[in-house]
Amino acid sequence: MSRLSCSPVQCLLRPLPLLFILSMMSQISQGDVGTAARYSPPYLPTACYNDSASQFPSNNLFAAAGDGIWDNGAACGRQYLVRCISAAVADSCIADQVIQVKIVDYALALIRSPPSASGTTIVLSETAFAAIANTSAAPTSINLEFQQ
């Protein structure tokens, strides 16, 4: 008869750290799918924080929310994990690149936004867009996966 090298409870708990790590790695794959465009400075004023420059993260990874996630302004300050999954222009996505953006504005309030911003889920700052999309391929919009 063979003896267990651990108690029944210990044996049950051993795989938990591995399961936790795997669940953290797969979080972005459980997100929603939408579209993104980019917008250029000036970024102020914003619908969320008006003229306060302190709203912007130091890494400049921020975005404006489209109607689908705006939620009457409740989206202000939310953080989203985003990644490019496809685009009409070949080789536009930077493979497996995931970034976190902060919502600081409302996409429909962006008078200076390009026409591609209309109807998109998220409009990314230039820095955020370039972090997940190859801007030398010149995509005007991308398809993305996102998760709050």
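Which handedness does the disulfide of Cys-48 and Cys-76 have? The torsion about its S-S bond is about -80°, so the disulfide is left-handed. Cys-48 lies in the loop between strand 1 (32-39) and strand 2, and Cys-76 in the loop between helix 3 (67-70) and strand 3, so the pair ties together parts that are 28 residues apart in sequence. Helices (H or I, at least four residues) and strands (E, at least two) are DSSP runs, numbered from the N terminus.

The model is predicted: local features need pLDDT of at least 70, side-chain atom pairs count only at pLDDT 80 or more, and totals for chains, interfaces and linings use all residues. Residues are numbered from 1 along each chain as its sequence is written, and side-chain values use heavy atoms, with hydrogens and water left out.

The structure holds two disulfides. A disulfide is taken as a pair of cysteine sulfur atoms within 2.5 Å. Such a link is a covalent bond between the sulfur atoms of two cysteines. In the pair Cys-48 and Cys-76, the S to S distance is 2.0 Å. Cys-48 has 19% relative accessibility and so counts as buried. Cys-76, at 24%, counts as partly exposed. Here buried means under 20% relative accessible area, exposed over 50%, and partly exposed in between (1.4 Å probe, protein chains only).

Cys-84 and Cys-93 form a disulfide as well, with sulfur atoms 2.0 Å apart. Their link is left-handed, with -55° about the S-S bond. Cys-84 is buried, at 6% relative accessibility. Cys-93 is partly exposed, with a relative accessible area of 25%.

Strand 4 spans residues 99-106. Seven of its eight residues are buried. Two strands pair if DSSP finds at least two bridges between them. Strand 2 (residues 62-65) runs parallel to strand 4, and four bridges join them. Within this pairing, Ala-63 stands opposite Ile-103. Strand 3 (residues 79-86) runs antiparallel to strand 4, again with four bridges. There, Tyr-80 has Val-101 of strand 4 as its bridge partner.

Asp-105 also belongs to strand 4. Its relative accessible area is 1%, so Asp-105 is buried. A polar atom of the Asp-105 side chain lies 2.7 Å from the backbone nitrogen of Ala-47. For comparison, a polar contact is a pair of N or O atoms within 3.5 Å; within protein, one must be able to donate a hydrogen and the other to accept it, and residues adjacent in sequence count only if both atoms are side-chain atoms.
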